[in-house]
Amino acid sequence: MRQRRLVATPGAGRGSQDRSSARRRRPTATDDDLRTVPVDDAVPSTPMGIPDEDVARVRAETDIVALIGEHAALKKVGRRWQGLCPFHGEKTPSFSVNAEDGFYYCFGCQAKGDAISFVRAIEHLDFVDAVRRLADKAGITIREDASSGRDSQRRKVFLDAMEQAAEWYHQRLLTSADAGQARDYLRSRGYDGEVVRRFRLGWAPDDWDALCQGLKLSEEVAVGAGLGFVNRRQRLQDAFRARVLFPICDPSGHPVALGGRVLPGSTDPAKYKNSAETPVYSKRKTLYALNWAKQEIISTDEVVVCEGYTDVIGLFGAGVQRAVATCGTALAEEHVKLLRGFASRVVLAFDADGAGQAAAGRFYEWQRKLGIDVAVAALPTGTDPGELARSDPEGLRTAIEGAKPFLQFRVDRILDAADFGTPEGRARAADAALAAVAEHPDNLVRDQYLMVVAERCRLEPPLLRERLEELRREGPRPDEPASRGRRSAGPGANGGSGRRPAAPAGPAGAEDPWVREPEADGEWDADGFDGGGSWPESNGSGRSHSGRRPGAGAAPEFRPGLEALRLAIHQPEDVADRLEAALFRDDLQRAAFEVLAGAGDEPLHEVIEQAPPGVRALLVRLTVEEPRSRADEVVLQLVRDAARGQLVVITGEARTSPEAAAEAARVASWVQELDDPATSATATARLVAWLVVRAQSTSPGNGS
């Protein structure tokens with residue numbers, strides 16, 4: 001059972017790099033905090049001094065080439081090492097490292113420094129924490145007082161515990177009698193002893209605390225490293241039971257987390273489970289198997305991204321040893337930034353077309369911002385790399401080697417399935433292909449694909465250009481087939497499509513709608529549950545408490561609330577610390593959130609059983625509905641919706657109160673800033689703090 005720690009820390013806006021920094025600070029309910037919510041990439045550290053000789057020793061004993069090589073592919077050219085800069089997007093190497101003197105310099109962005117400044121920049125640490133990090137890697141003990149060195153020591157303890165746990169589970173799989181069924185299962189998947197040892201696969205026995213007892217882990221270490229938790233009986237319990245385990249390592253090869261899979265026939269509804277985030281593990285900054293794949297990634301300048309750990313192992317077995325996978329989450333910008341330091345080409349080995357418009361916007365934006373090429377391997381429909389590696393390894397290699405640019409993949413798939421036998425069929429094919437072409441932000445690229453469509457559909461290019469411009473003005477189609485009815489959204493998104501709602505139509509020349517967040521509440525799909533989740537009316541009228549007929553016209557403004565609840569149930573780690581009750585305008589949704597937020601480690605079925613009848617009915621429904629959108633988009637839409645609702649109220653108050661008028665103007669400007677990537681995180685933080693204060697100062701409403 002995953003922990004449901006769902007109380008928000010503001011900053012969950014668009015742009016995960018902004019979100020991560022904003023989430024470290026929880027604003028208080030003061031006017032000063034509402035006026036200025038700081039957003040800083042640096043991780044705070046207790047001020048202290050480290051002796052100069054210790055700093056010098058850390059610098060001297062750090063291999064700067066190996067250090068930077070964890071984040072960027074370096075090749076020796078003469079006496080220097082060169083590669084793509086890890087700090088800005090480029091395709092021609094301009095980053096140079098002087099291994100003898102221990103310095104680096106980028107001729108493109110002028111980033112420069114030594115090993116300590118590199119760690120500070122790449123990991124957003126201050127000077128002291130960067131020195132600690134390098135000292136840990138080099139096995140150097142620096143002299144610092146106990147309080148300031150506590151975080152560094154805890155991190156080292158957690159890493160040591162995870163290393164011991166990975167080896168304990170691995171030996172259990174190799175030698176223990178209770179692992180016989182697991183060994184049989186792995187053999188059926190084609191995993192022999194060599195594969196098991198190479199990837200250090202393990203087995204978690206079906207015991208409550210076998211690992212914690214076997215390694216004599218304290219509660220602090222077990223919980224802190226993500227290896228255990230304290231159950232309702234106040235007993236320390238293993239985090240993994242009766243699962244085949246896959247150790248997840250950092251680029252240096254140190255285990256930082258675990259991923260587990262139940263055996264066939266298990267009654268556990270959670271087929272896959274990953275470690276919770278810890279001081280040594282962040283799923284948004286970690287990729288499975290990068291430690292094993294990075295050498296081939298560097299040599300080929302290409303990385304293959306999969307959905308699952310078994311897909312990676314299958315690709316390695318087929319001879320494609322440059323594969324990685326995300327860890328239970330969709331491919332995010334942080335992952336792409338990490339990969340950009342190793343390769344300039346990313347091949348997606350999953351159903352990228354199923355992610356539709358949401359994927360297109362993200363991929364094109366990454367190509368523009370990070371200077372990477374995104375391609376798609378055309379795998380047979382309904383198969384994954386793990387299955388194909390067993391049935392047709394040569395076909396898998398051919399698919400990877402023949403990967404096409406993302407837009408070409410989409411256009412080819414549409415046209416290959418088209419009926420060109422009639423004028424109507426050719427027109428439909430052209431229209432569908434142009435809808436995909438319209439998503440690309442570059443007009444030169446669009447025009448080249450337009451010519452491909454014109455040739456295959458036997459239509460005149462000028463006519464298609466006119467139609468393409470119409471599609472660009474209209475924005476994404478809400479009923480575009482590629483964006484509906486699919487579950488695959490990219491790596492790790494097992495629970496939903498990750499689909500972004502269609503952006504609103506805009507005039508020609510407006511900001512590109514294909515990469516914008518949703519602006520209109522009405523763009524969200526209807527949930528079809530009691531008017532969008534409102535309390536059922538008890539008078540038998542057949543209408544919800546909000547006055548809407550259940551299921552007939554769900555309130556658009558409440559739909560993001562239901563999607564947030566789905567995420568809280570199925571993917572709580574994606575919305576942990578990002579939600580507040582004040583964000584839910586609907587009473588029933590707010591009550592359901594409060595039930596989930598107060599659940600802790602209690603099993604979900606017990607939480608539902610103890611909930612009030614209306615909440616219980618809603619939660620039961622949501623447990624069988626998978627999330628369909630990304631957490632970033634849902635939180636942003638929730639904040640926008642809640643802020644607009646309260647803005648209507650305070651605007652009314654402004655007619656008689658100068659203070660309310662000033663407050664309304666300030667809040668209105670924050671709402672506008674939500675649409676700007678540069679200010680979205682700060683505006684989100686301010687609005688959440690303001691909404692919390694408003695909720696504390698007013699009695700709960702009825703969702704109006």
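Helices (H or I, at least four residues) and strands (E, at least two) were taken as DSSP runs and numbered from the N terminus. The structure is a predicted model, in which local features need pLDDT of at least 70 and side-chain atom pairs count only at pLDDT 80 or more, while totals for chains, interfaces and linings use all residues. Residues are numbered from 1 along each chain as its sequence is written, and side-chain values use heavy atoms, with hydrogens and water left out.

The structure contains 37 salt bridges, a salt bridge being a side-chain nitrogen of Lys or Arg within 4 Å of a carboxyl oxygen of Asp or Glu. Within helix 7 (residues 150-175), Asp160 and Lys156 are 4 residues apart, or about one helical turn; their side chains form a salt bridge (3.3 Å, N to O). Relative accessible area was classed as buried (under 20%), exposed (over 50%) or partly exposed (in between), using a 1.4 Å probe and protein chains only. Asp160 is partly exposed at 36%, as is Lys156 at 38%.

A salt bridge also joins Asp416 and Arg456, with the closest N and O atoms 3.2 Å apart. This pair links distant parts of the chain, since Asp416 belongs to helix 18 (residues 406-416) and Arg456 to helix 20 (residues 443-457), 40 residues apart. Asp416 is exposed at 55% relative accessibility, whereas Arg456 is partly exposed at 32%.

The side chains of Arg640 and Asp675 form a further salt bridge (2.7 Å, N to O). Arg640 is buried, with a relative accessible area of 0%, and Asp675 is partly exposed at 25%. Glu296, Glu302, Arg322 and Arg345 are connected in a salt-bridge network.
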